[in-house]
Amino acid sequence: MRVGILGATGMVGQRFIELLANHPQFEVTAVAASDRSQGKSYGEACSWRLAGEMPVAVRSMKVQPPAPPLDCDLVFSSLPGEIARETEGSFAAAGYPVISNSSAFRMDEDVPLLIPEINHQHLGLIEKQKRRYSSGGFIVTNPNCSTIMLALALAPLHASFGVSAVAATTLQALSGAGYPGVASLDIIDNVLPHIGGEEEKIETETKKILGRFVDERIDHAPMAVSAQCHRVNVADGHMAAVRVKLERKAELNDLREALEAFRSLPQELGLHSAPARPIVVRDEVDRPQPKLDRDAGKGMTITIGRLMPDAVLDHRFVVLSHNTIRGAAGAAILNAELLIGLGYLSHG
Ligand SMILES: NC(=O)c1ccc[n+]([C@@H]2O[C@H](COP(=O)([O-])OP(=O)(O)OC[C@H]3O[C@@H](n4cnc5c(N)ncnc54)[C@H](OP(=O)(O)O)[C@@H]3O)[C@@H](O)[C@H]2O)c1
């Protein structure tokens with residue numbers, strides 16, 4: 001399928017370009033960004049910040065305004081939240097499937113907030129969007145980068161034992177703030193205890209993702225979720241220290257087995273970006289660490305460690321994932337692969 005990338009020059013946009021370079025199902029045919037970049041070649045406009053060379057195929061592609069029509073069958077969006085609502089909405093209204101990273105539509109009642117391993121049933125909401133977009137276009141979103149790893153860690157626990165309360169303290173990488181992101185003088189020798197809107201996103205999105213699709217709507221999971229977010233001096237890899245209270249009593253080994261055994265539809269369908277193991281549990285006392293564990297499963301596996309009993313809630317652990325791969329571009333690409341696998345996408 002021919003894909004366009006909105007926000008193609010940013011941190012997440014660059015990950016899209018990298019991950020799609022040799023993808024068996026998608027070919028990048030259009031790139032769009034702000035008026036700072038429009039009219040330039042992608043090579044001129046983009047300050048490439050990933051290891052390795054910018055893929056040759058996109059270098060001479062002209063950066064376009066993020067507005068329909070674009071020469072593609074679907075769009076991936078990594079636009080800033082403030083402009084995403086109008087722009088993504090205009091693509092859906094023009095008949096494009098929009099696979100979005102942005103927060104703009106995540107909590108809309110008729111928009112799936114998708115993690116393929118957890119809630120592929122929520123794709124039933126696409127049918128409901130036909131009332132909004134008669135063009136056949138629709139929007140599917142992926143969650144906030146910290147929410148994705150938290151929800152993935154909670155999903156097997158919730159399915160096996162019921163999660164009634166969660167408290168998560170995040171340590172979030174600099175690439176999560178985009179490029180150029182946080183000023184160096186604010187973050188060297190420092191930790192910032194505020195990331196705008198992040199705590200609320202984790203607290204609301206988690207309940208929607210873990211909710212059930214009934215009667216054409218999502219019944220949000222009835223758990224208490226509390227989040228405190230911090231920006232730390234790490235390039236890539238978000239981490240969270242998590243405490244959970246369970247509805248049914250479980251031993252540590254039961255939790256470990258549920259986490260390690262977790263597999264779902266993307267693994268069954270053999271989707272290209274699906275990791276063989278969505279969750280790896282490590283027993284070393286000093287893991288997970290961003291530098292050592294963010295690339296597990298090519299950045300699509302989350303790593304859990306420090307699993308132990310907790311004196312306040314029942315259990316605790318530390319979870320880590322790659323924020324621009326499993327937390328953003330890789331998540332959106334996996335969503336699109338699932339949409340193809342389930343017959344929601346066809347060539348234009
Ligand atoms: N970074 C992460 O880990 C992460 C994870 C999950 C979700 N997200 C979400 O993904 C989105 C992008 O994040 P990012 O980290 O990639 O940000 P970024 O590095 O700041 O990139 C923003 C992109 O949007 C474009 N853009 C900015 N203003 C625009 C405008 N007015 N009109 C058209 N295009 C515009 C930029 O183009 P120019 O280069 O031309 O300015 C650039 O391509 C955000 O909504 C963010 O919340 C990010």
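**View 1. Lining of the second largest pocket by class.** Six nonpolar, eight polar and five charged residues make up the lining of the second largest pocket. The model shown here is predicted.

**View 2. Space and centre of the second largest pocket.** The second largest pocket holds about 390 Å³ of space. Its lining has 19 residues. Closest to the centre are Leu-19, Gly-297, Lys-298, Met-300 and Ile-325.

**View 3. Helices at the second largest pocket.** H1 and H13 each give at least two residues to the lining of the second largest pocket. H13 gives the most, three residues.

**View 4. The ligand in the largest pocket.** The ligand takes up the space of the largest pocket.

**View 5. Polar atoms facing ligand oxygen.** In the side chain of Thr-9, an N or O atom is 2.5 Å from an oxygen atom of the ligand. For Arg-36, a polar side-chain atom lies 2.6 Å from an oxygen atom of the ligand. Gly-7 uses its backbone: an N or O atom there lies 3.1 Å from an oxygen atom of the ligand. On its own, the ligand exposes 890 Å². The protein buries 79% of that area.

**View 6. Space and centre of the largest pocket.** The largest pocket contains about 1200 Å³ of space. Its lining counts 50 residues. Ser-78, Pro-80, Gly-176, Ala-177 and Gly-178 lie nearest the centre.

**View 7. Lining of the largest pocket.** Four helices, H1, H4, H9 (198-209) and H13, each supply at least two residues of this lining. H1 supplies the largest share, four residues. By class, the lining has 18 nonpolar, 25 polar and seven charged residues.

Methods:
Residues are numbered from 1 along each chain as its sequence is written. This is a predicted model: local features need pLDDT of at least 70, side-chain atom pairs count only at pLDDT 80 or more; totals for chains, interfaces and linings use all residues. Side-chain values use heavy atoms; hydrogens and water are left out. A polar contact is a pair of N or O atoms within 3.5 Å; within protein, one must be able to donate a hydrogen and the other to accept it, and residues adjacent in sequence count only if both atoms are side-chain atoms. Accessible areas come from the Shrake-Rupley method with a 1.4 Å probe; for residues, only the protein chains shown count as cover. On a 1 Å grid over the protein atoms alone, a cavity is a set of points where a 1.4 Å probe fits but cannot get out, and a pocket is an open set with protein on both sides within 12 Å along at least five of seven lines; lining residues have an atom within 4 Å of a point. A molecule sits in a cavity or pocket if more than half of its atoms lie within 2 Å of its grid points. Grid points are joined across faces, edges and corners, and a volume is the space filled by probe spheres set on the points. Ala, Val, Leu, Ile, Met, Phe, Trp, Tyr, Cys and Pro count as nonpolar, Asp, Glu, Lys and Arg as charged, and the others, Gly among them, as polar.
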